[in-house]
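Dear colleague,

Please find below the structure I am handing over to you. My findings follow it.

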Amino acid sequence: MAEHDVIDLLMAQHGRIRDLFDEVEQAPPDRVGEAFDRLTRMLSVHETAEEEIVHPYARRKLDNGQGVVADRLGEEHRAKRLLLDLHKSGVDHPQFWDGLAALRAVVTAHARSEERYEFARLRANTSVVERRAMAAAVRAAESLAPVRPHPGTESAAGNLVLGPPLAVMDRARDLIRKALGKGR
């Protein structure tokens, strides 16, 4: 199975994120919020796992790994900021669609940069065993990751310290809202 390799797993997730953007853009007005919540969740857990597992490994394994990762973290911070702003203002805000287009552009450029500058080099500088171990670690990190954007936690340490309590709070907030019939 290809998704046992961390690079294949993350690239498949990049494809899923593109599909989720399409889903939000094509959703009927009464379903935009649900589609946007799915996109928010996917982006949040995906980035957290990369920040906890992939970026620290890339820092150590790649020539100029520090620089490669610093660039990716800056992109991730911008995307989280945009996502948080959209989430706070809501899908009914007059600027939602413009904000979503800006987010899509930032996320798409970030994914391309990861694939070109980080993932391709990781594939060339790691073994199959290393990539499989990272894939398992990414899946574990995603299961504990926050489901909302939290700009400022773009490091392994930040995610490891703040991620689990934020994930619990995010998931509890979602359950409470659902129980109260508030949806989002």
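How many residues does helix α5 have, and how far does α5 reach from its first C-alpha to its last? This helix, residues 128-143 of the predicted model, has 16 residues and reaches 23 Å, close to the 22 Å expected at 1.5 Å a residue.

The buried residues of α5 are Arg 131, Met 134, Ala 135, Val 138, Ala 141 and Glu 142. They lie on the same side of α5 because the arc they cover around the axis is only 130°. On the face turned away from that buried side, α5 carries the exposed residues Val 129 and Arg 132.

Glu 47 also deserves a mention. This residue belongs to helix α2, residues 32-61. Glu 47 is buried but has no salt bridge. Lys 80, the nearest side chain of opposite charge, is 6.9 Å away. Leaving aside residues up to four places away in sequence, Glu 47 touches Glu 76, Lys 80, His 110 and Glu 114.

A word on confidence is also in order. The protein averages a pLDDT of 84, and 79% of the residues score at least 70. Among its elements, helix α1 (residues 6-26) has the highest mean pLDDT, 97, whereas helix α6 (residues 156-179) has the lowest, 48. Over residues 155-161 the pLDDT stays under 50, and the model has twelve contacts beyond four places in sequence for them. The pLDDT is also below 50 over residues 170-177, a stretch with 18 contacts in the model beyond near neighbours in sequence. Where pLDDT is low, predicted coordinates should not be read in detail.

With kind regards

Terms used:
Residues are numbered from 1 along each chain as its sequence is written. This is a predicted model: local features need pLDDT of at least 70, side-chain atom pairs count only at pLDDT 80 or more; totals for chains, interfaces and linings use all residues. Side-chain values use heavy atoms; hydrogens and water are left out. Helices (H or I, at least four residues) and strands (E, at least two) are DSSP runs, numbered from the N terminus. The expected span of a helix is 1.5 Å times one less than its number of residues. Buried means under 20% relative accessible area, exposed over 50%, partly exposed in between (1.4 Å probe, protein chains only). The arc is that of the directions from the helix axis to the C-beta atoms. Lys and Arg count as positive and Asp and Glu as negative; His and the chain ends are not counted. A salt bridge is a side-chain nitrogen of Lys or Arg within 4 Å of a carboxyl oxygen of Asp or Glu. Contact means heavy atoms within 4.5 Å. pLDDT is the predictor's confidence in each residue, from 0 to 100.
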